[in-house]
Amino acid sequence: MIELRNVNKSFGQLSVLANINLAIQRGEFVSIVGPSGCGKTTLLKIVGGLISPSSGDVIIDSRPASVARAEGSFGFVFQKPVLLPWRNLRQNVELPLELLGRNGKSGAKTEEILRTVGLQGFEDAMPRELSGGMQQRASLARALVFSPMALLMDEPFAGADELLRDRLDLDLTELTQRLQQTVLFVTHSIPEAVLVSTSVVVLSSRPGRLKEVIPIDLDWPRAQYRGSRQHHDLVQRVRHILET
Amino acid sequence: MQRIKHLLNLAAAPACFLLLVLIVWESVTRLLRVPSYLLPSPTMIVSTVASDFGSLLAHTAVTMAEAVTGFALANVLGFGLATLFAHSQTAQRAIYPYAIALKTTPVVAIAPLLVVWFGTGIVSKIIASALICFFPILVNATRGLRAVDQEAVDLFQSLAASKAQVFAKLRLPNSLPYVFSALKISTSLSVVGAIVGEFVGAQRGLGYLILVSSYHLESNVLFAAILAAAFGGSLFFASVVILEQVLVPWAAPVED
């Protein structure tokens, strides 16, 4: 379980996040939406233990976030795939296992995860030989290969074109549902947030305050809801909360 | 086969141009009866190379040994200092101005001092060569070690990577294209440094040969020595290019 209690963050005089209280249960897919500069990425990095809050607590399964990070509890997926160009696909995916000292069981796990994200057969390909979508799948595989407690995703498909983004969104939801993976997902796109999430967290403009947590009670798989009335109504609701 | 054909196609134009220049050069020296001390003909230079090959090779070997050793010394020290700079802004602020001062001082001005300190042997030439090669590696390696994507650093930190892991698995490989750019620049500079060092005081080497042959107006020998220096420098450059292709294939431009 991820729990944020009265989290505040300032950079010098600039207050970025104010009084954030949030609890995310295991297996939930939570999206964070809000205006540009409202502290979405900062919130994600605070949860992942990459930066410390100015005040307040972040508790990950009864431990501080920094301890959870040191134990390899978080799989980050960034806006860019961040594949190391000197490593082939397999070596990139296995990087977390190397850094966390879990190389022993890498082979079978890598095969399995590459099959899961649809990249089997490309193990020896270098990053520049892969398409943008394949590179982003590779970064997802790298985040999943060490079975982290939570996936922390910072606008992972923002660089993809619309068709590819739709495809990646659905693949991601199918995968995370199957693995019962906890996900914290930052996005600028309200339709995307509604389509992939079990709940959407709406932040106000800077300093980001929690405006509302909207549960998304749609069945899985979500492809059936694209363009539907229910999806449209939920999108309008989130948009309305953001604008008021 | 296809690759050989491609290489031959690439070499054809420069080879034809060289042939044209040599024909014009040979014709001018013969028709205008240009004295050989002013401009020896290409055939005369080739004949000098053939007759003095052993001696020319020995002088070239000395100069190249000085150049390669100075190059290696500069690159080891330069990369070490760049690693320090990449981890400490304070160290960079303290030392960098002196590195720039060293760079802006011509090696030809320092070379006599090196001979006074280290004698006319190989050491003063190695140091002259190292001094001239030091700055490119320092600047490029510092840049390469620092020019790491912040998201890549975040990725490593999210996986609790140690500083040593970040250096070995991220910063070091990331710096290699920058390092090889410096190495390629330094190959020719190292030969310049060694020859300048030999000009000031030496008993062997291409710089010595160039100086002595110019005193005696043996321009054919002088041209042969210049050719040897160019050949040695080009061979050195080509070796570094091949090493780059082996070690950093991922940085090469993507072929269509």
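At the start of α7(A), a side-chain oxygen of D161(A) comes to within 3.2 Å of the backbone nitrogen of L163(A). This is a predicted model, and the values below are computed from it.

**Helix α7 of chain A**

The helix α7(A) has 18 residues. From its first C-alpha to its last it reaches 26 Å, close to the 26 Å expected at 1.5 Å a residue. Several of its residues are buried, including R165(A), L168(A), D169(A) and L170(A). L172(A), T173(A), L175(A) and T176(A) are buried in α7(A) too. After the helix comes Q180(A), with a positive phi near 55°.

The background is simple: an α-helix has 3.6 residues a turn, so residues three or four places apart point the same way. E174(A) has 44% relative accessibility and counts as partly exposed.

Q177(A) also sits in helix α7 of chain A. This residue is partly exposed, at 24% relative accessibility. Its C-alpha is 8.8 Å from that of F29(A), although 148 residues separate Q177(A) and F29(A) along the chain.

**Salt bridges within and between chains**

Side chains of opposite charge can pair when their charged atoms come close. Over all chains, the count comes to 18 salt bridges. Three of them are set out here.

| Salt bridge | N to O distance |
|---|---|
| K45(A) and D154(B) | 2.9 Å |
| E98(A) and R87(A) | 2.7 Å |

Which two chains does the salt bridge of K45(A) and D154(B) join? The side chains of K45(A) and D154(B) meet at 2.9 Å. K45(A) lies in helix α1 (residues 40-47) of chain A, and D154(B) lies in helix α7 (residues 150-158) of chain B, so the pair joins chain A to chain B. K45(A) is partly exposed, with 22% relative accessibility. D154(B) is buried, with a relative accessible area of 6%. The cut-off for buried is under 20% relative accessible area.

The salt bridge of E98(A) with R87(A) has its closest N and O atoms 2.7 Å apart. E98(A) belongs to helix α4 (residues 95-99) of chain A. R87(A) belongs to the loop between β6 (74-77) and α3 (89-93) of chain A. The pair therefore ties together parts that are eleven residues apart in sequence. E98(A) is partly exposed, with a relative accessible area of 22%. R87(A) is buried, at 9%.

Elsewhere, salt bridges that share partners join R87(A), E98(A) and K169(B) into one network.

**Chain B as a whole**

Chain B has ten helices and zero strands. Along the sequence its pattern reads α-α-α-α-α-α-α-α-α-α. Its C-alpha atoms fill a box of roughly 75 × 55 × 25 Å along the principal axes. The chain has 256 residues, and 41% of them count as buried. Among contacts in chain B with a separation of 6 or more, 74% are between residues 24 or more positions apart. The accessible surface of chain B is about 14,100 Å². Carbon and sulfur atoms account for 71% of that surface.

Which residues make the nonpolar surface patch of about 710 Å²? The patch is made by F17(B), L20(B), V21(B), V24(B), V28(B), L31(B) and L32(B). L32(B) is placed in the loop between α1 (2-31) and α2 (42-51) of chain B. With a relative accessible area of 63%, L32(B) is exposed.

Is S213(B) buried or exposed? S213(B) is buried, with a relative accessible area of 2%. S213(B) is found in helix α9 (residues 206-215) of chain B. Leaving out residues up to four places away in sequence, S213(B) touches E218(B), V221(B) and L222(B).

Technical notes
Residues numbered from 1 in each chain as written. Chains lettered and ligands numbered in written order. Predicted model: local features only at pLDDT ≥ 70, side-chain atom pairs only at ≥ 80, totals over all residues. Heavy atoms only, no water. Patch = residues over 30% accessible without salt bridge, like charges linked within 9 Å, V, L, I, M, F, W, Y side chains within 5 Å. Areas by Shrake-Rupley, 256 points an atom, 1.4 Å probe, with all protein chains shown as cover. Salt bridge = Lys/Arg side-chain N within 4 Å of Asp/Glu carboxyl O. Helix = DSSP H or I, 4+ residues; strand = E, 2+ residues; numbered from the N terminus. Buried < 20%, exposed > 50% of the residue type's maximum accessible area, 1.4 Å probe, protein only. Contact = heavy atoms within 4.5 Å. Expected span 1.5 Å × (residues − 1). Polar contact = N/O pair within 3.5 Å; in protein donor to acceptor, adjacent residues only side chain to side chain.
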